[in-house]
Structure formats: C-alpha cells, structure tokens
Amino acid sequence: EVRLVETGGGLVQPGGSLRLSCAASGLQLSSTHMKWVRQAPGKEREWLATILSTGDTDYGDSAKGRFTISRDNLARSVYLEMNNLKTDDTAVYYCATVMPTFWGQGTQVTVSS
C-alpha cells in the first residue's frame with residue numbers, strides 16, 4: 001500500500017522557517033510526481049507545490065518565492081522548505097502523489113507569536 005508520512009511541523013514565529021519531510025513507501029517514488037497541499041482552518045485545500053519525477057517544480061502563488069519543494073529518491077523522501085512564514089501559513093500540510101492522489105496524514109504548522 002502507498003504510505004506517506006509527513007513530519008516537521010510545529011510552532012514557529014512569523015518570519016521563521018520550517019522544513020517538512022514526507023517519507024514515502026509502497027510506491028516507486030522515482031517515477032512518481034509529488035505535491036504539497038495545505039488546508040487552513042475554515043478553508044479548502046490549497047495546492048502549494050509539485051515536483052515531477054524529472055525534478056521539475058512548480059509552485060502556487062502562496063508558495064512562490066518562499067517555499068521550495070525537493071526530493072531525494074534514494075531516501076524515499078520529499079521535502080518542503082518554508083521560509084519567511086506568515087500567520088496565514090497556519091494550516092495542516094499534506095504530502096501527496098499526483099494522478100492518482102494518495103494523501104499522507106498531514107502535519108500541523110502553526111505560525112504565531
């Protein structure tokens with residue numbers, strides 16, 4: 001079975017940084033496109049970033065310029081480096097595969113003073 005486990009969330013002050021990790025199993029990660037999606041309280045899920053199996057990346061407006069998605073296929077992991085975090089970044093962050101979409105359990109990120 002596909003298993004995605006996100007870690008690295010927590011409480012951070014505005015302007016701070018976090019690095020989220022997604023450990024993947026049950027799939028050939030090197031051949032799988034991956035993405036990060038978040039869901040803030042009271043809002044629908046918002047796509048943040050995608051990294052293709054080729055390593056090419058794309059970012060949503062909220063992530064562009066601040067977040068970086070990367071992958072380490074040998075480590076069977078996908079990462080999201082988040083910088084200059086803002087209060088509005090508070091959300092549950094999910095790692096997922098692309099077409100079809102399999103989700104991890106999510107990791108909570110709280111940006112607050």
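Me: Is Arg 76 buried or exposed?
Reply: In this predicted model, Arg 76 sits in the loop between strand 7 (67–72) and strand 8. Its relative accessible area is 55%, and the cut-off for exposed is over 50%. Arg 76 therefore counts as exposed.

Me: What is the phi of Arg 76?
Reply: Most residues other than glycine have a negative phi. Arg 76 is not a glycine, yet its phi is positive, at about 55 degrees.

Me: Which loop holds Met 99, and what is the phi of Met 99?
Reply: Met 99 is placed in the loop between strand 9 and strand 10. Its relative accessible area is 79%, so Met 99 is exposed. Although Met 99 is not a glycine, its phi is positive, at about 50 degrees.

Me: Is the peptide bond from Met 99 to Pro 100 cis or trans?
Reply: Pro 100 lies in the loop between strand 9 and strand 10 (107–111). Most peptide bonds are trans. The bond from Met 99 to Pro 100 has omega near 0 degrees, and it is cis.

Me: How many helices and strands does the protein have?
Reply: Read along the sequence, the pattern is β-β-β-β-β-β-β-β-β-β. The count is zero helices and 10 strands.

Me: What is the order of the strands in the open sheet of six strands?
Reply: The pairing in this sheet is mixed. From one strand to the next, the twist averages 25 degrees. The order is 2-10-9-4-5-6.

Me: In which sense do strand 4 and strand 5 pair?
Reply: Strand 4 covers residues 34–39 and strand 5 covers residues 45–51. Met 34 has Ile 51 in strand 5 as its bridge partner. The two strands are joined over six bridges, and the sense is antiparallel.

Me: Which residues does Asp 58 touch, not counting residues up to four places away in sequence?
Reply: Asp 58 is in strand 6. With a relative accessible area of 45%, Asp 58 is partly exposed. Its contacts beyond that stretch of sequence are Trp 47, Leu 48, Ala 49 and Thr 50.

Me: What separates the C-alpha atoms of Asp 58 and Thr 32?
Reply: Along the chain, Asp 58 and Thr 32 are 26 residues apart.

Me: Is Arg 38 buried or exposed?
Reply: The side chain of Arg 38 meets that of Glu 46 in a salt bridge of 2.9 Å, N to O. Glu 46 is partly exposed, with a relative accessible area of 28%. Arg 38 has 6%, and the cut-off for buried is under 20%. Arg 38 is therefore buried.

Me: Which residues do salt bridges that share partners join into one network?
Reply: Arg 38 also meets Asp 89 in a salt bridge, at 2.8 Å from N to O. That pair links strand 4 to the loop between strand 8 and strand 9 (91–97), across 51 residues. Asp 89 is buried, at 2% relative accessibility. The network consists of Arg 38, Glu 46, Arg 66 and Asp 89.

Me: What is the radius of gyration of the protein?
Reply: The C-alpha trace spans about 40 × 25 × 25 Å along its principal axes. A compact globule with 113 residues would have a radius near 13 Å. The value for the protein agrees with this, at 13 Å.

Me: Buried residues make up what share of the protein?
Reply: The protein exposes about 6000 Å², with 48% of it supplied by carbon and sulfur atoms. Of the 113 residues, the buried share is 42%.

Key. Residues are numbered from 1 along each chain as its sequence is written. This is a predicted model: local features need pLDDT of at least 70, side-chain atom pairs count only at pLDDT 80 or more; totals for chains, interfaces and linings use all residues. Side-chain values use heavy atoms; hydrogens and water are left out. Two strands pair if DSSP finds at least two bridges between them. Helices (H or I, at least four residues) and strands (E, at least two) are DSSP runs, numbered from the N terminus. Axes are lines fitted to C-alpha atoms, for helices over the stretch in contact, and angles run from 0 to 180 degrees between N-to-C directions. Buried means under 20% relative accessible area, exposed over 50%, partly exposed in between (1.4 Å probe, protein chains only). Contact means heavy atoms within 4.5 Å. A salt bridge is a side-chain nitrogen of Lys or Arg within 4 Å of a carboxyl oxygen of Asp or Glu. The radius of gyration is taken over C-alpha atoms; the globule rule is 2.2 Å times the number of residues to the power 0.38. Accessible areas come from the Shrake-Rupley method with a 1.4 Å probe; for residues, only the protein chains shown count as cover.
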